Number of protein chains: 4
Amino acid sequence: MSKKRLNLGIIGAGRIGRLHAENIVSCYRNVKLKSVSDLYYESLADWAGSLGIENITGNYTDILNDPGIDAVLICSPTDTHAQISIEAAKAGKHIFCEKPVDMDPDIIREVLNHVEQAGVIFQVGFNRRFDKNFRKAFNTVREGKVGDIHIIKITSRDPAPPTPEYIKVSGGIFMDMTIHDFDMVRYLSGSEVTEVYATGSVMIDRSIGEFGDIDTAAVILKFRNGAIGIIDNSRKAVYGYDQRIEVFGSKGCVTVSNETESLAVLSNETGVWAEKPKYFFLERYKESFIIEIGEFIDSILNNRKPPVDGSDGLNSVLIAKAAKESFMTGKPVKVEL
Amino acid sequence: MSKKRLNLGIIGAGRIGRLHAENIVSCYRNVKLKSVSDLYYESLADWAGSLGIENITGNYTDILNDPGIDAVLICSPTDTHAQISIEAAKAGKHIFCEKPVDMDPDIIREVLNHVEQAGVIFQVGFNRRFDKNFRKAFNTVREGKVGDIHIIKITSRDPAPPTPEYIKVSGGIFMDMTIHDFDMVRYLSGSEVTEVYATGSVMIDRSIGEFGDIDTAAVILKFRNGAIGIIDNSRKAVYGYDQRIEVFGSKGCVTVSNETESLAVLSNETGVWAEKPKYFFLERYKESFIIEIGEFIDSILNNRKPPVDGSDGLNSVLIAKAAKESFMTGKPVKVEL
Amino acid sequence: MSKKRLNLGIIGAGRIGRLHAENIVSCYRNVKLKSVSDLYYESLADWAGSLGIENITGNYTDILNDPGIDAVLICSPTDTHAQISIEAAKAGKHIFCEKPVDMDPDIIREVLNHVEQAGVIFQVGFNRRFDKNFRKAFNTVREGKVGDIHIIKITSRDPAPPTPEYIKVSGGIFMDMTIHDFDMVRYLSGSEVTEVYATGSVMIDRSIGEFGDIDTAAVILKFRNGAIGIIDNSRKAVYGYDQRIEVFGSKGCVTVSNETESLAVLSNETGVWAEKPKYFFLERYKESFIIEIGEFIDSILNNRKPPVDGSDGLNSVLIAKAAKESFMTGKPVKVEL
Amino acid sequence: MSKKRLNLGIIGAGRIGRLHAENIVSCYRNVKLKSVSDLYYESLADWAGSLGIENITGNYTDILNDPGIDAVLICSPTDTHAQISIEAAKAGKHIFCEKPVDMDPDIIREVLNHVEQAGVIFQVGFNRRFDKNFRKAFNTVREGKVGDIHIIKITSRDPAPPTPEYIKVSGGIFMDMTIHDFDMVRYLSGSEVTEVYATGSVMIDRSIGEFGDIDTAAVILKFRNGAIGIIDNSRKAVYGYDQRIEVFGSKGCVTVSNETESLAVLSNETGVWAEKPKYFFLERYKESFIIEIGEFIDSILNNRKPPVDGSDGLNSVLIAKAAKESFMTGKPVKVEL
């Protein structure tokens, strides 16, 4: 392992950019978060000061041009990911890019070409892979305890729908929300999707339908090895953030249920009450965000393949596109990954 | 309520016929199980004697011709259900018929015509509706606690595949196994299916594929009210008979997990061990078989609509046929119920 | 095994006597329930008729004098158990006696002497040993999976206190309620109690205190092998009948939680709701009552030691007496078993 | 709230002192960890540097004499707690003192006198009160959802016994281990203990008995309001760190079960496997250690009563002493709190 202290920059200090910044400062004292850029950088001065961040700027090129920066986290809006990634690669920076890299597979391929030419590390922000529960399920599968995989099921339901403004630019439920589940089935299965059938309805909020989107979805995936994937999504589970998985195979079945706010249970005349699932993704996946950055740092320091790479970023988008097409045409759609 | 003691006959004394016989003798002392017919009736003498059954015969028409018999349970092989049902209706007997009534919807319609003309009660053997757990889920939904239904999920996996001989005449996984789940989604949803997409693979036993059948299946259903149904089946869950449901809606989500062999849990150095799900359908659904017959008896005594009627028998078969067609064509298939 | 069909009589047709009668008729067709006696036998005619019981009488000696009766179940009030048991033994009848045999250990010893002289089988009604969950825990312990036992814990709480009239003649909470737990710790531990410390309070119903009794109790037991037993009781758990056990040892810990009314669980905005424990002992221990009688019948037919014998009946009463003394004196009390 | 940035010092940089240091640096950027003292301070240079701690010293009086230090955390060996606390109080420092303050109640009283005279805040390190699960149980009780408390139960078992060297100076199981549970029952009950009965055995390690100590214990407590407390302890639960509580009352029962390493569950032919409880107290109570220090800081900044004060430190020791006496004499012992 290199003895040099790594210097990081963060591009985009919205909710997720600030989360990464705080996690880096709290948890990774072997690296330095040197710079942060954001269009609204003036309002970040106090926050950045409290974290000991040296530079804040309104222009991300300041970070890319800084020879003292080794790696960047791209946490800006989705439609800027590709352009900034290409520039960062050209500048020789290692890149952690939030998902999705882009909604257009061809643009992602262009990004990956630049990344390859530059020889930098490129990790995509599928944080759920680093959740300890899903990781344990993954390890259980890899250890052969489930045998050959026959069925993978994911239930993924948000506690509340996003704003109409967000829905409008989100790329639709499959690109915005199910994409996490597409990555998760790929991760768990160790196989590639060959066909997608997707359907859904507007059950929660009529205005979502007005943008041509849906709020309730079901997807069946076929894998190269014959296994079947089943995903269901909802934009609104009133009981909280519902995140469950199941991998069923020839030797057994591994499941992960929801993390709850506490383990206190009250029995009374009306029944036995347990706590709801954790409500919000930042709370539910808190640790996973820390670990994914630790893995990114470790990949750089040890010059190894990152745990979620460019092809993971590309393939999840290809599946999402196929799902959207299936939903639009009412027929299963083949995917070539 | 009639004061007269009801006399019953059972046609077909295989596993399920004998089960009904024993349940009737043990649990319903207000009725009399008078006669049982079976092709191999000679071997049943001891068993029938221990239950106090007066007549055993090799010919079911003996039962239909007995004016002292009020009602019959048809537990003979599937391909005889329709013919015997028609004869029983003509003889004025109330009918409990094991599922499926027939694999051909037109034949079922003919049966239902005869039933209607005869004015007899006709109940179909979808016993799972009478399971206390599913019934509680049903009641929770009916009480409005789930709100509008958005998604219904059923996991239904057998502990081991049937024999090749059985597979050959079973009508295929959708007609033989998923049909229970089709009935369950109709029961839970209170809405009718409008479209079916079904897919599957041979993952467990190559010989099942040789009969053109599959052993691992996934189905997505659309309901008239926009809700989505998702079913997954396997012919072999090594950990036992896996029977779970989930109804998700605008106000909440009700789930039913597996009944286990006991509630003992052992914590040791290797983990925390709970018992497996009950292994076999006769064990898991033991009580439901008793209750369904109690409901049949009660329907006769009170001259009321049976809880599972002819249209339930017909519609589940129509969905099963559509599922098979979807699987064969690779496309969703519309259903008119 | 004897080929002769066993004839049984039941003495006392209150709630528990009638339960045994119905279980015998429904479940054990290899025996015949020939006679039932009860002070109020006239009102039992219809019930007895529906079960096919030949004789009902107001005088239990009619049963004891019937040479056709092989065995009796003594289900009369506690203060008659000993006298009837002695007479039944003298008449050469095998005996199933509800618990407690008597509240006075010397009287129990006298009963056991008569039983021994008569050479009849004598089983005491500690039904909980036959609950499938506790039996699984017992087997887990016997298989060595818990290792050496260090701690046994029992939580045993009733859903509602009995009537004041019952409390008055009950012998107190330790003799009436905890006695089941004393038997259970003996059963689970396979060791004998050497010391008892018992304490308690009146927390639920002041009138219980007026009879010198308590409604909330805690007991610590020492076993010959050094293990510790801990029991807590309440006469009123508003959420139902709370019956849990735990056996902790050098290799692990086995626990049994409550059986619930169903497995349906509702998640909504207010939390995650499961069903309450089964409310009533007849419901919770339904199967155990059937099995204990099956074991009694089997003990007779195979002329083997019954699973709960006279010493079990005696020792549980000795512990209950010691508990009462400990509660009265405020000090631990030694027990010699 | 004061705008001044608080400066902290830590006295004793063993396992728990270093944990607090790291938590403060990671989580409380509004305070400054200025100094750390430890007898072996030379070996701490790298560690202290990585945390940005300015001063490390072998002499805790350097910290007490530093006028720039507002508050100290006393994490040195137990037998130094009292002396350092008194000196710190005289120096006008706010004090967070690890438990127990001392094993001698009179010495604790002397400490508390000095604290009172100095008018400094004095918090004792009963971290479990800040565990989110127990806190939720506490809040449930305080909201009246359990009604009047009748029974409080705590199961508290370590994964492995400490070294013989530690046992020798530990003050015995009641002072070292059960003391946490004594504090927890006081916290949950909101009432004071009036009587203690304690018993126990050497079941795990004979060498523990050679120091006059035990490794398996059971305690029954009586509270002023009539409620009963029940604690069981073991020095070795092979399945991990077993930490459960239960509060039972007139309106219901709240329980907290164990946190597990993950929520993954594997069903296979041998059973249904869940993960073990978290193994170690640092892992299980990780968050509680962070929160207790946050509460300490907040108490100083807002000049309010700390959440665990000197009387909590004293009373838990008084109960522990009574428990030891009860164990030695074999009789219940009265406590005056």
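This text walks through a predicted model, from the relation between its chains to single residues inside them.

The size of an interface is often given as the accessible area lost when the parts come together. Between chain B and chain A the buried area is about 3,000 Å², and carbon and sulfur atoms give 65% of it. Three residues, B:Y197, B:M203 and B:F248, supply 17% of the area that chain B buries against chain A, which is more than any other three residues. Chain B brings 41 residues to the contact, and chain A brings 41 residues.

Polar and charged groups also take part. Between chain B and chain A there are 12 residue pairs in polar contact, counting pairs with both residues at pLDDT 80 or more. On the side of chain B that touches chain A, the elements giving two or more residues are strand 7 (149–157), strand 8 (193–201), strand 9 (216–223), strand 10 (228–234), strand 11 (242–249) and strand 12 (252–256). Sorted by class, that side of chain B has 18 nonpolar, 13 polar and 10 charged residues.

The count of salt bridges between chain B and chain A is 6. In one of them, the side chains of B:D232 and A:K153 meet at 2.6 Å, N to O.

Over all chains, the structure holds 103 salt bridges. One within chain B joins the side chains of B:E54 and B:K32 at 2.1 Å, N to O. B:E54 lies in the loop between helix 2 (45–51) and strand 3 (55–57), and B:K32 lies in strand 2 (residues 31–37), so the pair ties together parts of chain B that are 22 residues apart in sequence. B:E54 is partly exposed, with a relative accessible area of 47%. B:K32 also counts as partly exposed, at 25% relative accessibility.

In chain D, D:E195 forms a salt bridge with D:K334, and the closest N and O atoms are 2.7 Å apart. This pair links distant parts of the chain: D:E195 is in strand 8 (residues 193–201), D:K334 is in strand 15 (residues 333–334), and they are 139 residues apart. D:E195 is buried because its relative accessible area is 14%, under the 20% limit. D:K334 counts as exposed at 63%. Another salt bridge of chain D joins D:E295 and D:R304, with the closest N and O atoms 3.1 Å apart. D:R304 counts as partly exposed, at 28% relative accessibility. Elsewhere, salt bridges that share partners join A:K153, A:E246, B:R157, B:D232, B:D242 and B:R244 into one network.

D:A322 is found in helix 13 (residues 310–329) of chain D and is buried, with a relative accessible area of 6%. Leaving aside neighbours within four places in sequence, D:A322 is in contact with D:V196, D:V333 and D:V335.

The other residue, C:S189, lies in helix 9 (residues 178–189) of chain C. C:S189 is buried, with a relative accessible area of 10%. The side chain of C:S189 reaches the backbone oxygen of C:V185 at 2.8 Å, and the backbone nitrogen of C:S191 at 2.9 Å. Beyond neighbours within four places in sequence, C:S189 is in contact with C:R142, C:I149, C:I152 and C:F223.

Technical notes
Residues are numbered from 1 along each chain as its sequence is written. Chains are lettered from A and ligands numbered from 1 in the order in which they are written. This is a predicted model: local features need pLDDT of at least 70, side-chain atom pairs count only at pLDDT 80 or more; totals for chains, interfaces and linings use all residues. Side-chain values use heavy atoms; hydrogens and water are left out. Helices (H or I, at least four residues) and strands (E, at least two) are DSSP runs, numbered from the N terminus. Buried means under 20% relative accessible area, exposed over 50%, partly exposed in between (1.4 Å probe, protein chains only). Contact means heavy atoms within 4.5 Å. Buried area is the accessible area (1.4 Å probe) that two parts lose on being put together, summed over both. A salt bridge is a side-chain nitrogen of Lys or Arg within 4 Å of a carboxyl oxygen of Asp or Glu. A polar contact is a pair of N or O atoms within 3.5 Å; within protein, one must be able to donate a hydrogen and the other to accept it, and residues adjacent in sequence count only if both atoms are side-chain atoms. Ala, Val, Leu, Ile, Met, Phe, Trp, Tyr, Cys and Pro count as nonpolar, Asp, Glu, Lys and Arg as charged, and the others, Gly among them, as polar.
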